[in-house]
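Please read it with the coordinates open.

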There are 2 protein chains.
Amino acid sequence: MMQLPAIFEIYKPYIEKEIKSLLSNTELLKISKNKIALYEMMAYHMGWADENGTKVISNSGKYLRATLALLSCESICGDFKKALPAAAAIELIHNFSLVHDDIQDGDEIRRHRPTVWKIWGKPQAINVGSAMKTLANLSVLNLQRNNIPPNKLIEILKILDESCLRMLEGQFLDIDFEIRPDVDIADYLKMIERKTAALIECALQIGAVTVINYSKIKPFKNFGKYLGLAFQIRDDILGIWGNDKKTGKPSGNDLRKKKKTFPIVYVLSNADRISRQNFLKIYSKEIIYDEDIEKILDILGNLNIREISEKKTEEFYNLALAEIKKLPVNTEKIMYFEEISNFLINRDF
Amino acid sequence: MMQLPAIFEIYKPYIEKEIKSLLSNTELLKISKNKIALYEMMAYHMGWADENGTKVISNSGKYLRATLALLSCESICGDFKKALPAAAAIELIHNFSLVHDDIQDGDEIRRHRPTVWKIWGKPQAINVGSAMKTLANLSVLNLQRNNIPPNKLIEILKILDESCLRMLEGQFLDIDFEIRPDVDIADYLKMIERKTAALIECALQIGAVTVINYSKIKPFKNFGKYLGLAFQIRDDILGIWGNDKKTGKPSGNDLRKKKKTFPIVYVLSNADRISRQNFLKIYSKEIIYDEDIEKILDILGNLNIREISEKKTEEFYNLALAEIKKLPVNTEKIMYFEEISNFLINRDF
């Protein structure tokens, strides 16, 4: 199993402490007379509590976006703590999107556990996600604690909400593409630039702009874009060929959902006519069964789609590496960005 | 039919122009190759476009919250335009909550038309609502256009997101109460203070704080609280005894959904044992049919629940009127606040 770079482990307790302090509202628990209310449902989603609200040491996420925000801050000024409220904000935005995404896709399992909607129903899960988005914005205001001036907060909130809006545009396109037969690679890239890359770009930018001038953050955005594209195609690969014990999601899930991921869009827009027709014969069925998945995997195998997808990931990875060299950061920190990039395109979880 | 106070009509074109400019993104339309994408779905919900994206003069809302924000600003400084981006923000937050609320409640009709989820499905409707919330935050940043300084923007964003969070807590409680048998009037009031009053308070506060010191806005919050409580109980009354041609929602809707509205909570916690048992016999049924609704209306009628509910509305209305006198506004503007309050508790739509 591919090891998580050490920097993730260093930041983790700080990120968790920052977000946990935002979820510490217990008033609602008293009114609802339940063991678990809105904030405890968020803690459950984050992997910090079980479904009765009892604290657990469970499967939290990697905190990739918060880690990128903290690293971009530290690589400039040497102190990652300055950006902690911004890091918490981007991580909350990401998790808001996951909670809603699970509702939208009907996914019942995330990080090896039932999803929020699966336990408490879709109506409450919608509230849980929306509340996380709202807490993200409030978290940014906590930067005042670190003497970050109001105009900086405004810059960060602008980047955060513009990125969030792009992410939502990406979610819109992702769902829109499900029923559209003519999606090509260019469409797909516009979709994942929004759905995935926008928040990665955002994380790097808000960590940086906390401590340097707004006019200097463009290289962080460029790096984030290519890293995000590579990250998503790797995700698409894992969604088809990944090991469910490692990814925490059922294998073949993306195929069962007929998602327009990179491998699929590639077949639909680049394969020879016969292969495409064979593929569509299965992929356009109402329900995809296990034996259909076997057949799809055979077609993808014959067309070397996994190798083609991995090559595309590497292409974006190399573009990301080139952008790292342009970052206005201390040279001894460059290796951290490289290490994270390397992990992201080779990870199996 | 009760007439809308004139101030609503004066502000309306400005509010619409401000919000429409936020929805003018057409890039997504090109990528999705549809006649209607994320932003056009928002315009549909607002009543400005039909389901093909064609502009229509339709049933928009009253823009109550935006109107309150503009009035509180104008009543202090004489110029409502200063607060337009803040007014757009609170109106967008309200409409974000409506789009999600319709999904959560499964409501198929709003303002005489099919709801967003009914046309484009729940997954896209979730995106539509979340994008409106995000645009609300971005709208506040447009206050810079009116030379409102960064520290003011921070104050407004803090009020906006704290209120939004309370509104979501209210939505949580509202759904939570549906399956709880022991909800009393105190619980109910804590729920609507959040679900409804929070955004009314917010509207008045952000309009005011745009032009006066943060330390002076407490009276606007107090007025908003009582106005919001009166407003919601009036809404509950219309949800049971309202005319569907006027409200734009099917009559008996709240009863069919077994909502814990004021009249129902009153019966459950204050009626004599026999009436309560008779009521519960019907209200605890899996499905409520038309003949059940007749029976419920009979029980409510025998117990004078409509009169009791109207009396409660008036109680909060009188508290609101008393708070108006404490507002730090020009005395000749007081009548506008009174006129709106009067309209809200007597309205039939």
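The points below go from the basis of the model to the whole of one chain and then to single residues.

1. Basis of the note. This is a predicted model, in which local features need pLDDT of at least 70 and side-chain atom pairs count only at pLDDT 80 or more, whereas totals for chains, interfaces and linings use all residues. Residues are numbered from 1 along each chain as its sequence is written, chains are lettered from A and ligands numbered from 1 in the order in which they are written, and side-chain values use heavy atoms, with hydrogens and water left out.

2. Secondary structure and overall dimensions of chain A. Chain A holds 17 helices and two strands, where helices (H or I, at least four residues) and strands (E, at least two) are DSSP runs numbered from the N terminus. The C-alpha trace of chain A spans about 65 × 55 × 35 Å along its principal axes. The radius of gyration of chain A is 20 Å, which agrees with the value near 20 Å for a compact globule of 349 residues; this radius is taken over C-alpha atoms, and the globule rule is 2.2 Å times the number of residues to the power 0.38.

3. Burial, contacts and surface of chain A. Of the 349 residues in chain A, 60% are buried, a term that stands for under 20% relative accessible area, with exposed meaning over 50% and partly exposed the range in between (1.4 Å probe, protein chains only). Among the contacts in chain A with a separation of 6 or more, 73% join residues 24 or more positions apart, a contact being heavy atoms within 4.5 Å. Chain A exposes about 13700 Å², and carbon and sulfur atoms supply 49% of that area, as given by the Shrake-Rupley method with a 1.4 Å probe.

4. Charge in chain A. The 50 positive and 47 negative charges of chain A have mean positions 3 Å apart. Lys and Arg count as positive and Asp and Glu as negative, while His and the chain ends are not counted; each charge is placed at NZ of Lys, CZ of Arg, CG of Asp or CD of Glu.

5. A:Asn95 and its polar contacts. A:Asn95 lies in helix 5 (residues 84-105) of chain A and counts as buried because its relative accessibility is 0%. A polar atom of its side chain lies 2.8 Å from the backbone oxygen of A:Glu91, and the side chain of A:Asn95 also makes a polar contact with the side chain of A:Arg111, at 3.1 Å. A polar contact here is a pair of N or O atoms within 3.5 Å; within protein, one must be able to donate a hydrogen and the other to accept it, and residues adjacent in sequence count only if both atoms are side-chain atoms. Not counting residues up to four places away in sequence, A:Asn95 touches A:His45, A:Met46, A:Arg111 and A:Met132.

6. Two positive phi values. Most residues other than glycine have a negative phi. A:Arg111, in the loop between strand 1 (109-110) and strand 2 (113-114) of chain A, has a positive phi near 50 degrees and is buried, with a relative accessible area of 16%. A:Lys33, in the loop between helix 2 (27-32) and helix 3 (38-46) of chain A, has a positive phi near 55 degrees, but A:Lys33 is partly exposed at 47%.

7. A:Glu108 is found in the loop between helix 5 and strand 1 of chain A and is partly exposed, with a relative accessible area of 41%. The C-alpha atoms of A:Glu108 and A:Lys118 are separated by 5.9 Å, although the two are ten residues apart along the chain. Beyond residues up to four places away in sequence, A:Glu108 touches A:Arg113, A:Pro114, A:Thr115, A:Trp117 and A:Lys118.

8. Buried helix positions in chain B. B:Glu74 lies in helix 4 (residues 64-77) of chain B and is buried at 15% relative accessible area. With residues up to four places away in sequence left out, B:Glu74 touches B:Ile7, B:Tyr11, B:Asp79, B:Phe80 and B:Lys333.

9. A loop lysine in chain B. B:Lys216 lies in the loop between helix 9 (185-209) and helix 10 (218-241) of chain B and is partly exposed at 48%. B:Lys216 and B:Asp187 are 29 residues apart in sequence and 30 Å apart in space, C-alpha to C-alpha.
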